[in-house]
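The sequence and the structure come first.

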Amino acid sequence: MRIRLTLRNKTFLFFGLIMPFGFFFLFAGVFAKGDPAAVRFLLGPVISLAVMGAFWGLSVALVTFREQGILRRFHVAPVTSADMLASSIVANYLLILPTIAIELLLARFIFHVTDFGDLFSLFIMVTVGVISFGSMGLVIASVTNTMQETQVLNQLIWFALIFLSGATVPLGELPKAAQAFGVFLPATYLVWGLQDAIYLSAPIWQLWKEALSLFGWALLTFFVASQLFRWEPESKIPRKAKLWAAATALPFFLLGIWENHSGTILLQSKAALHSMDRPAKTEPPSKAPSAPDEK
């Protein structure tokens with residue numbers, strides 16, 4: 001039933017179908033100019049945009065269901081709030097997978113990309129990404145009382161995620177202040193994890209930091225969303241309860257402090273970007289790159 005309701009939602013059709021393919025052809029056809037190596041380099045950010053769109057679609061859908069009284073009908077069934085939220089994430093996951101598969105097929109047959117790196121790592125990163133960002137969307141739907149509030153909060157979060165995480169502009173090309181802020185965003189670890197899996201063919205054990213941080217964040221956000229979930233449109237969430245939502249930022253706040261100190265992701269991102277500037281180099285850099293040569 002959640003899948004059927006999702007397919008009727010225009011917001012999902014935009015963020016689940018139109019936007020991912022629009023970004024795909026923009027990145028592959030315009031930015032990469034059809035070059036297979038450049039397309040492979042940009043596939044990670046392109047797929048991350050499709051994965052991150054889950055939070056917008058789920059938050060808008062649940063608020064719409066609550067305002068229209070659809071959630072009240074589900075409440076008649078013997079299901080808990082956790083059941084309802086989990087079904088939303090699973091439905092969204094099953095509908096996003098075909099979109100990503102089609103993007104890979106388009107890259108293979110239109111832009112002649114023959115190597116997609118470690119597909120198992122790609123699958124794991126997509127899975128934890130959909131769950132974690134879908135859970136964030138559930139938190140947003142739980143703390144906002146109206147559709148207007150949801151749209152405003154979604155826009156603020158969305159612009160930060162796509163412009164400061166390396167999804168649209170490579171992390172290594174951002175100003176230093178933006179780089180320092182970007183490592184506090186969960187999207188940064190999703191983007192780099194996907195790019196690492198595809199472009200550097202990194203096995204999943206080398207992506208433990210990205211995968212575990214997103215998975216742990218998913219568990220925290222899902223728990224908070226289940227505690228704040230409301231079936232009735234008349235029920236309003238108290239302001240103090242919104243502190244629970246703010247607490248979900250704590251894991252990446254701590255991780256961002258550690259990453260600003262170590263600089264691991266930033267160095268790897270710069271090395272991967274630097275490899276694209278070497279026409280004679282046919283193989284992507286290894287998983288443990290050093291800082292790029294500035295001579």
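## Core, charge pairs and cavities

Isoleucine 47 is in contact with Ile100, Glu103, Leu104, Leu122, Val126, Leu194 and Ile198, leaving aside its neighbours within four places in sequence. The model is predicted. Ile47 is also one of three residues, with Met52 and Phe133, that touch the most other members of the largest nonpolar core, which has 91 residues. Helix 3 gives this core its largest share, 19 residues.

Leaving aside neighbours within four places in sequence, tryptophan 217 is in contact with Ser132, Phe133, Met136, Pro186, Thr248 and Phe252. Tryptophan 217 is found in helix 10 and is buried, with a relative accessible area of 4%.

Charged side chains come next. Side chains of opposite charge can pair when their charged atoms come close. The count of salt bridges comes to three.

| Aspartate 115 | Arginine 40 | 3.4 Å |

Aspartate 115 forms a salt bridge with arginine 40. Aspartate 115 lies in the loop between helix 5 (81–109) and helix 6 (119–143) and arginine 40 lies in helix 3, so this pair ties together parts that are 75 residues apart in sequence. Aspartate 115 is partly exposed at 35% relative accessible area, whereas arginine 40 is buried at 11%.

Glutamate 232 counts as partly exposed at 26% relative accessibility, and arginine 72 is partly exposed at 34%.

Glutamate 259 lies in helix 12 (residues 250–262) and lysine 209 in helix 10, so the pair ties together parts that are 50 residues apart in sequence. Glutamate 259 is buried, with a relative accessible area of 2%; lysine 209 is buried as well, with 11%.

Which side chain of opposite charge is nearest to arginine 66? That side chain is glutamate 67, 6.6 Å away. A salt bridge needs a nitrogen within 4 Å of a carboxyl oxygen. Arginine 66 is buried yet has no salt bridge. Arginine 66 is found in helix 3 (residues 36–67). Not counting residues up to four places away in sequence, arginine 66 touches Leu71, Ala141, Thr144, Asn145, Arg230, Trp231, Glu232 and Pro233.

A search of the whole structure finds three cavities of 30 Å³ or more. The largest cavity holds about 140 Å³ of space and is lined by 19 residues, with Gly166, Pro170, Leu171, Gln195 and Ser269 nearest its centre. Helix 3, helix 9 (186–199) and helix 13 (264–276) each supply at least two residues of this lining.

Key: Residues numbered from 1 in each chain as written. Predicted model: local features only at pLDDT ≥ 70, side-chain atom pairs only at ≥ 80, totals over all residues. Heavy atoms only, no water. Helix = DSSP H or I, 4+ residues; strand = E, 2+ residues; numbered from the N terminus. Buried < 20%, exposed > 50% of the residue type's maximum accessible area, 1.4 Å probe, protein only. Lys, Arg positive; Asp, Glu negative; His and termini not counted. Contact = heavy atoms within 4.5 Å. Core = buried A, V, L, I, M, F, W, Y, C linked by side-chain atoms within 4.5 Å. 1 Å grid on protein atoms, 1.4 Å probe; cavity = no way out; pocket = protein on both sides within 12 Å on 5 of 7 lines; lining within 4 Å. Points joined across faces, edges and corners; volume = space filled by probe spheres on them.
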